[in-house]
Amino acid sequence: MAGSQTKSLIDVRALSGQAEFEEAVQLQKTIWGFEDIDLLPVRLFVVASKVGGQAFGAYDRDRMVGFLVAIPGIKPGPSSYLHSHMMGVLAEYRNAGVGRILKLAQRTEAVSRGIPLIEWTFDPLEIKNAYFNIERLGAIVRRFIVNQYGTTSSPLHGSLPTDRCVAEWWISSARVASLLSGDPGLRAEAGARIAVPAQIATLRHSNPPQARDIQKRVSEQFLEYFDKGLAVIGFERSTEAGTYLLGKWESK
């Protein structure tokens with residue numbers, strides 16, 4: 001069984017070769033239950049590894065238990081960044097720190113190339129994931145995309161629109177260094193909050209209309225606050241809800 005003992009045995013390495021890429025594709029089916037049309041194909045992993053992106057696998061001995069793939073991006077001006085398109089971990093390893101190990105390996109490799117920023121999208125209704133991105137890694141959020149990927153074949157998405165927050169991970173910033181070291185000291189004051197009820201995970205399947213109403217309310221709040229120049233700078237969890245904390249964010 002995965003756990004603290006397994007965590008010490010996890011090895012992360014760059015993926016190379018057809019067999020490893022095929023294994024990462026198979027993991028997508030296992031983790032998300034995707035139909036073939038929604039899978040990232042082998043050729044994307046090949047391209048990512050050849051053009052300045054990243055493809056990592058997390059292994060428990062010889063078994064791939066997680067993976068990560070990122071592609072290079074370009075913003076206006078001289079700035080380049082990595083778009084971390086997908087990361088997945090087998091269900092039995094999700095409390096063993098595998099996701100964090102993968103993200104830290106990603107950060108180390110990007111820092112070695114002088115890349116300042118890694119971005120990815122995440123579902124704002126996934127409370128545990130939001131906490132991990134914001135409080136454990138130090139990402140901030142300033143953009144929100146309505147139904148980015150359309151409706152997917154994954155049962156985990158509950159047939160809801162794929163609304164997404166865009167995480168910005170300024171990997172060499174004081175904020176990130178502080179949180180990765182376990183010091184929560186570098187925090188700005190929150191001026192607004194967006195709460196997601198803890199029962200949203202079960203409502204996706206037990207009461208889709210109610211889940212959709214919650215999703216619409218959350219989407220409207222994000223769009224309103226981001227239009228006012230606020231950013232997600234923190235996240236709180238309780239037994240009742242996960243709450244996004246929004247305020248001004250100035251430095252990188």
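**Labels and the values behind them**

Student: Why is Gln148 called partly exposed?

Tutor: Gln148 has a relative accessible area of 30%, and because buried means under 20%, exposed over 50% and partly exposed in between (1.4 Å probe, protein chains only), Gln148 is partly exposed. Gln148 is found in the loop between strand 6 (140-145) and strand 7, where helices (H or I, at least four residues) and strands (E, at least two) are DSSP runs, numbered from the N terminus. This is a predicted model, in which local features need pLDDT of at least 70 and side-chain atom pairs count only at pLDDT 80 or more, while totals for chains, interfaces and linings use all residues. Residues are numbered from 1 along each chain as its sequence is written, and side-chain values use heavy atoms, with hydrogens and water left out.

Student: Which residues does Gln148 touch, not counting residues up to four places away in sequence?

Tutor: With contact meaning heavy atoms within 4.5 Å, Gln148 touches Thr121, Thr162 and Arg164.

Student: What makes Asn133 buried?

Tutor: Asn133 has a relative accessible area of 3%, which lies under the limit of 20%, so Asn133 is buried. Asn133 lies in helix 5 (residues 127-136) and, leaving aside its neighbours within four places in sequence, is in contact with Trp120, Phe122, Gly138 and Ala139.

Student: What is the largest nonpolar core, and which residues have the most contacts inside it?

Tutor: A nonpolar core is a set of buried Ala, Val, Leu, Ile, Met, Phe, Trp, Tyr and Cys residues joined through side-chain atoms within 4.5 Å. The largest has 38 residues, and those with the most contacts inside it are Trp120, Phe122, Phe222, Val232, Tyr244 and Leu246. Helix 8 (residues 208-227) gives the most to this core, with six residues. Apart from it lies another core, of 30 residues, among them Ile31, Phe45, Ala55 and Val89.

Student: What makes the pair of Trp32 and Phe67 edge-to-face?

Tutor: The ring centres of Trp32 and Phe67 are 6.3 Å apart and the planes stand at 75°, so the pair is edge-to-face. This pair links distant parts of the chain, with Trp32 in helix 2 (residues 18-32) and Phe67 in strand 3 (residues 63-74), 35 residues apart. Ring pairs link Phe21, Trp32, Phe34, Phe45 and Phe67 into a cluster.

Student: How do you know that the charged end of Arg13 sits over the ring of Tyr59?

Tutor: A charge sits over a ring if NZ of Lys or CZ of Arg is within 6 Å of the ring centre and within 35 degrees of the ring normal. The charged end of Arg13 is 3.6 Å from the centre of the Tyr59 ring, so the distance falls within the 6 Å limit. Arg237 likewise lies over the face of Tyr131, at 3.9 Å from the ring centre.

Key
Phe/Tyr/Trp six-rings, centres within 6.5 Å; stacked < 30°, edge-to-face > 60°.
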